[in-house]
Amino acid sequence: MTVHPVTITGEPVLHQRAGAVEHFDDILRTLIADMFETMDEANGVGLAAPQIGVGQRIFVYNMANDDGVPTRGVLVNPTLVGSKVSGADPDEDEESEGCLSVPGESFPLKRADWVKINGFDGDGSPLEFEATGWFARCMQHEFDHLNGTLYVDRLIGRYARRARKAVKEQGWGVPGLTWMPGVDPDPFGH
């Protein structure tokens with residue numbers, strides 16, 4: 001297994017729709033193992049393939065939940081439907097998200113409280129489950145990566161302005177920037 005550098009906002013693969021996985025083979029299984037290794041080394045709860053520069057529809061996660069879903073898993077070629085997102089302002093204390101591709105930053109964002117996921121595991125076996133609460137948030141966050149959307153793209157009002165300012169101050173928003181889990185300091189201080 002190999003830890004990969006994590007791409008930072010501005011890298012083109014993060015901002016375009018990922019392609020469908022067509023072959024469930026040893027190459028895919030190695031990629032999935034590398035994604036788990038990278039996520040673990042980065043202290044993340046999820047990681048999508050575009051975040052390591054691979055434009056395929058795959059994400060891994062490691063998050064306890066109350067939905068009867070295994071804590072650790074992979075979704076290949078997922079689809080997602082969710083409940084309506086409240087129009088209320090997000091709660092700064094309860095609804096802040098972070099992202100390994102926007103390292104060290106976090107901003108409040110409203111998400112659906114419930115989602116249904118369909119997809120496949122690394123061997124091509126079908127998966128289907130429902131997710132609620134923070135687990136639903138994680139699923140939406142990672143699924144967005146497969147469609148070229150970062151959580152900062154969904155921010156509204158002052159949070160969107162703060163995110164744009166942070167990206168500019170960090171010198172992000174251009175291709176070629178990465179950070180290396182296990183080598184570079186943990187941007188979230190874990």
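In what order do the 5 strands of the open sheet come?

**View 1. The open sheet of this predicted model.** The order is 2-3-4-7-8, with antiparallel pairing. At the edges are strand 2 (46–48) and strand 8 (126–132), each pairing on one side only. From one strand to the next, the twist averages 40°. Strands here are DSSP runs of E with at least two residues, helices are runs of H or I with at least four, and both are numbered from the N terminus. Two strands pair if DSSP finds at least two bridges between them.

**View 2. Strand 7 beside strand 8.** Strand 7 (residues 114–120) runs antiparallel to strand 8, and 7 bridges join them. Look for W114, which stands opposite T132 in strand 8. Helix 2 packs on the sheet, touching strands 2, 3, 4, 7 and 8, and its direction makes about 125° with that of strand 8. Such angles run from 0 to 180 degrees between N-to-C directions, using axes fitted to C-alpha atoms (for helices, over the stretch in contact).

**View 3. Q140 in helix 2 (residues 133–146).** Q140 counts as buried because its relative accessibility is 8%; buried means under 20% relative accessible area (1.4 Å probe, protein chains only). Leaving aside neighbours within four places in sequence, Q140 is in contact (heavy atoms within 4.5 Å) with L80, R111, A112 and V115.

**Notes.** Residues are numbered from 1 along each chain as its sequence is written, and side-chain values use heavy atoms, leaving out hydrogens and water. In this predicted model, local features need pLDDT of at least 70 and side-chain atom pairs count only at pLDDT 80 or more, while totals for chains, interfaces and linings use all residues.

Definitions and conventions: Buried < 20%, exposed > 50% of the residue type's maximum accessible area, 1.4 Å probe, protein only.
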